[in-house]
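The following paragraphs are a guided reading of one model. They proceed from its ligands to its aromatic rings and then to selected points of the backbone.

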Amino acid sequence: MMHLLSLVVSSFLVGQAHAHTFIWGVFVNGVDQGLNRGIRTPAYNGAPGQGGYNNSPVKNLTSIDMRCNVLGDTPNPYTIKVAPGDNLTFDWHHDKRDPLDDVIANSHHGPALVYISPDPPTENSFVKLWHKGLYVEGLPAGKWATTSDIAKNGGHMNVRIPAGLKAGHYLIRAEMIGLHEGEVSYEENPARGAQFYPDCVQIEVTGDGIVELPEGVSFPGGYDYDTPGVVYDVYCSTETTRTTACTTTYPIPGPTVWSGAWADTTSVPLNSVTGITTATAWSTWIKNSVVTSATFTDKKSLTVMGTSTYHASWSSTYQTPAPGTKRW
Ligand SMILES: *[C@@H]1O[C@H](CO)[C@@H](O)[C@H](O)[C@H]1NC(C)=O
Ligand SMILES: *[C@@H]1O[C@H](CO)[C@@H](O)[C@H](O)[C@H]1NC(C)=O
């Protein structure tokens with residue numbers, strides 16, 4: 001039965017799932033921590049044409065998947081130890097952890113953002129450390145963080161652990177937003193809407209810092225469909241029949257960057273990537289698509305044969321990752 005079901009799902013998704021992105025590795029002060037280590041990697045069952053599809057974007061702003069993506073409540077068995085002042089580089093990729101990988105489709109213009117929260121997150125616990133949007137203004141030739149900065153820099157997104165940050169477990173929520181279908185909200189037209197690619201990294205901050213995070217925002221909840229920058233037309237100036245004015249500035253969604261964050265995120269020289277660089281399937285119940293709920297229908301009779309739903313369950317207390325937990 002499963003064979004038939006996955007066939008139905010895969011044919012349904014052909015042409016939809018492409019060009020998506022997540023974090024494949026983390027460098028700490030230029031030293032690679034290895035494929036998937038410390039990262040709550042979204043479900044991923046291989047690249048298109050190799051028996052799977054990339055993770056789909058999150059578009060529903062009230063979904064729990066906005067927090068740390070699909071299956072983001074599942075701890076990675078490894079937590080990355082860092083100290084205040086350390087420089088982290090997130091290695092974003094699309095199909096493989098390779099300098100030739102496209103990182104994110106060149107149509108997916110949008111901002112990139114980084115938040116930090118105690119682990120586990122609580123109400124309003126995500127504090128913004130960095131963001132970058134349309135950093136060279138002008139349409140349609142402006143430069144966006146996703147397609148011009150991160151994609152052109154090998155998928156590297158930099159963030160520095162705040163000075164004096166109190167020791168403890170934290171989640172870093174890094175995010176890319178694709179605005180290529182963002183001229184209308186998902187609420188108004190579920191076939192379109194801004195595409196969110198959040199991904200969380202587990203860190204343990206060491207040392208004797210005393211700086212506590214201020215109040216931040218919740219995910220879901222940090223953005224709604226009226227938040228400036230969630231609905232935005234990246235194609236504005238290329239359409240000649242338009243009646244409304246086009247803007248060349250872009251308001252990045254979410255709160256302002258915390259004053260305790262470093263003013264500049266500098267890229268540091270990176271050592272080489274260690275270990276394997278290609279993903280293998282890790283989920284058993286997700287076949288080709290990545291969805292939190294899937295209804296499987298018989299192709300001929302159109303009878304619903306089953307529904308598979310994943311219920312995220314975030315604990316309110318810190319969960320020590322189980323060493324044996326396999327995420328791939
Ligand atoms: C969006 O997510 C919320 C919360 O999970 C859910 O209640 C709602 O049905 C979803 N909306 C759509 C259009 O799927
Ligand atoms: C992080 O990068 C900054 C800027 O290059 C540098 O001054 C600092 O020493 C780096 N931190 C560590 C721990 O290497």
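A polar contact is a pair of N or O atoms within 3.5 Å; within protein, one must be able to donate a hydrogen and the other to accept it, and residues adjacent in sequence count only if both atoms are side-chain atoms. The model is predicted, so that local features need pLDDT of at least 70 and side-chain atom pairs count only at pLDDT 80 or more, while totals for chains, interfaces and linings use all residues. Residues are numbered from 1 along each chain as its sequence is written, chains are lettered from A and ligands numbered from 1 in the order in which they are written, and side-chain values use heavy atoms, with hydrogens and water left out.

Ligand 2 has around it Asn 29, Gly 85, Asp 86, Asn 87, Arg 160, Thr 266 and Val 268 (a residue is near a molecule if one of its heavy atoms lies within 4 Å of it). One of its nitrogen atoms is 3.2 Å from a polar backbone atom of Gly 85, and an oxygen atom of ligand 2 is 2.5 Å from an N or O atom in the side chain of Asn 87. Taken alone, ligand 2 exposes 360 Å², of which the protein buries 49%; such areas come from the Shrake-Rupley method with a 1.4 Å probe, and for residues only the protein chains shown count as cover.

Asn 29, a member of this shell, has a phi near 50°, a positive value in a residue other than glycine. Asn 29 is located in the loop between strand E1 (22-28) and strand E2 (31-32); strands (E, at least two residues) and helices (H or I, at least four) are DSSP runs, numbered from the N terminus. With 38% relative accessibility, Asn 29 is partly exposed, where buried means under 20% relative accessible area, exposed over 50% and partly exposed in between (1.4 Å probe, protein chains only).

Arg 160, also in the shell of ligand 2, lies over the face of Trp 262, at 3.6 Å from the ring centre. For this description, NZ of Lys or CZ of Arg must be within 6 Å of the ring centre and within 35 degrees of the ring normal. Lys 132 lies over the face of Tyr 135 at 4.2 Å from the ring centre.

Ligand 1 is surrounded by Asn 60, Thr 62, Ser 63 and Tyr 186. Oxygen atoms of ligand 1 are found 2.3 Å from an N or O atom in the side chain of Asn 60 and 3.3 Å from one in the side chain of Thr 62. The protein buries 35% of the 360 Å² that ligand 1 exposes when taken alone.

The whole structure holds eight aromatic pairs; rings of Phe, Tyr and Trp (its six-membered ring) pair if their centres lie within 6.5 Å, and planes under 30 degrees apart count as stacked, over 60 as edge-to-face and the rest as tilted. Trp 144 and Tyr 232 form an edge-to-face pair, because their ring centres are 5.9 Å apart and their planes at 70°. Trp 144 belongs to strand E8 (residues 143-144) and Tyr 232 to the loop between strand E11 (195-205) and strand E12 (293-297), so the pair ties together parts that are 88 residues apart in sequence. Trp 144 is buried at 3% relative accessible area, and Tyr 232 is buried at 7%.

One aromatic cluster comprises Tyr 115, Phe 126, Phe 196, Phe 219 and Tyr 223. Within it, Phe 219 is joined to Pro 220 by a cis peptide bond, with omega about 0°.
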